[in-house]
Amino acid sequence: MYTQAMDIPEGNKAPLQSIEQGTASADFDARCAQGDFIEAKDWMPEQYRKTLVRQISQHAHSEIVGMLPEGNWVTRAPSLKRKAILLAKIQDEGGHGLYLYAAAETLGTSRDEMIEALHSGRAKYSSIFNYPTPTWADIGVIGWLVDGAAIMNQVPLCRCSYGPYARAMIRICREESFHQRQGFDLLHAMMQGTEAQRAMVQEAVNRWWWPVLMMFGPEDKDSQHSEQSAKWGIKRLSNDELRQKFVDAIVEQARVLGVTLPDPDLKWNAEHGHHDFGAINWQEFWNVVNGHGPLNKERLAARVQAWDDGAWVREAALAHANKQATRSVAA
Amino acid sequence: MNTPAATHESTIDLKPLGPQHAAWVLRLADGSLVLSQRLSEWCGHGPVLEEDIAFTNIALDLLGQARLLYSHAGALEGQGRDEDAFAYWRDESEFRNPTLVELPNGDFGQSVLRAWAYVSWQCLVWGTLAKSRDTALAAIGAKSVKESRYHQEHLGNWVVRLGDGTEESHRRMQTALDYLWPYTSELFHLDAVETAAMDTGLAPGLDRIAEIWTANTNATLHSATLTVPAPTPFLATGRQGRHSEAMGYLLSEMQALARAHPGARW
């Protein structure tokens, strides 16, 4: 899950409510507070529905766009074993996209509508995929750090208030954990290899470290939606809490791997029981979110082109299905 | 070709049934790997998400077949070559896949049609291996035939949908069929390696699959309202190591990273 867009202001305001809606709303809030699951047919505030569609579809889009930087290396994987692992991983990402779209559809928005929102630029996907994968080590770093950060975000969502989303997240988290281990293993193998391989890993870690920390979204003091989302149980830990947990976990893994995290201010703070880390360049974050990252235009263009190039295929499938239906009626 | 293979019955898995045994296995392995490579180019670019997943899935199955076959070929050869030595460190002329599988993807319809033609052939070949004297190869065939049958069904459904879809999809599929079909004759060409595979009991009945494949594919093409092209005298030569112009690019891409780091482990 990629919380950043949930925290980006879109000017949503809670609409005025009738008395009946007010009662239902109080009931709904009580259920959320008790930790009950809300199901597709239950009453829910319009704002809850909208927020969830936005969050789940953004997550689905991220899975699909995320296939592109990884697909960039599948034809060049340096061993057949790594090629098979990468293909299986990309297949998993596609599967995550499918069941997330299905979860979002239970809220009354069709997959075509969501895809149209992506292609027109109205819907976001995780900004992390606007960064390039110029080397093979990037594939390992995406598994280790990007999927690692995603897991930090996603695990609390397995207990989120919306049932279909929570259930999808349980399966996704299992697979993402596997991907993270595979990414670590890929990098570990390279770190046991030649000098050139080790240098490739370090260079990739240097490029990804700060954008990965940005994946948790703006600092809590600048976050727009966190309070309401926490009340509804669709976000259970704050951006800063998740980021801190991630840094604390990764420092030890980096040591085992033998790579240096590119932050001179990163050090253990015994008083707080956490690692301190340096200031994040939030200007870069907003630049990428607002369409000025290294590959924003290319990633979206690739998705739009795949969709446009496939139009004749989808039309043909529909035409054939209609012909079949007509034939079976005639028969 | 007759061979003294009968004397090696007890250790048949690792003793070649004649000098062409490993070469025949490598043809199968290369066919699976190269088609997998082409299908994986579709990653993230399919016409619908379900097909992105399906193509990735088929590519993964084919890659799995290739890995088993390379390992087996390496054991038969006995020179210490592993799957990566075959995939990354052989040059173009040493690859023995049929030309059909290395041709560029073209549009989705052409990719579907090509893969379908090949996996339909694979289904029959795996079937002949059930009676192979190479029991390890028979086991690979038994595993692979389940995959290939599913691939054949999935891709065959698309051939029908697209052939019998819209005017445009029909036109595209007929164009793809006319382009690809002359390349299929290579699959059934009985050269010395194929004849040896039959004669040594490696792949008995290989000479009969052309007829079954033609009947099967014609039935699907008929349902797809496509016109089967008339046979041509053209015979592709990928299995002899003489490839199309596309093959060099495919291998350059596939092998570049591995070859840039000789001796590295990944």
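1. Which side chain does A:Asp147 meet in a salt bridge? Its partner is A:Lys89, at 2.9 Å from N to O. Keep in mind while looking that this is a predicted model.

2. Here's what that pair does in the chain.

3. Now to where the two chains meet. Chain A puts 48 residues into the contact and chain B puts in 47. Between them the chains bury about 4,000 Å², with 67% of that on carbon and sulfur atoms.

4. There's polar pairing across this contact too. Three salt bridges are counted between chain A and chain B, and one to look up is B:Asp164 with A:Lys323, whose side chains meet at 3.4 Å, N to O. The count of residue pairs in polar contact between the two chains is 15.

5. Which parts of chain A touch chain B? The elements giving two or more residues are helix 3 (67–74), helix 4 (80–105), helix 7 (163–191), helix 8, helix 12 (296–309) and helix 13 (311–330). Helix 4 of chain A gives the most, with 14 residues. Sorted by class, this side of chain A has 27 nonpolar, 11 polar and 10 charged residues.

6. Helix 8 of chain A deserves a look of its own. Spanning residues 195–214, this helix has 20 residues and reaches 30 Å from first C-alpha to last, close to the expected 28 Å. Follow helix 8 along and you'll find a bend of about 35° at A:Trp208, with a proline, A:Pro211, following within four residues.

Conventions:
Residues are numbered from 1 along each chain as its sequence is written. Chains are lettered from A and ligands numbered from 1 in the order in which they are written. This is a predicted model: local features need pLDDT of at least 70, side-chain atom pairs count only at pLDDT 80 or more; totals for chains, interfaces and linings use all residues. Side-chain values use heavy atoms; hydrogens and water are left out. The expected span of a helix is 1.5 Å times one less than its number of residues. The bend at a residue is the angle between axes fitted to the seven residues ending there and the seven starting there. Contact means heavy atoms within 4.5 Å. Buried area is the accessible area (1.4 Å probe) that two parts lose on being put together, summed over both. A salt bridge is a side-chain nitrogen of Lys or Arg within 4 Å of a carboxyl oxygen of Asp or Glu. A polar contact is a pair of N or O atoms within 3.5 Å; within protein, one must be able to donate a hydrogen and the other to accept it, and residues adjacent in sequence count only if both atoms are side-chain atoms. Ala, Val, Leu, Ile, Met, Phe, Trp, Tyr, Cys and Pro count as nonpolar, Asp, Glu, Lys and Arg as charged, and the others, Gly among them, as polar.
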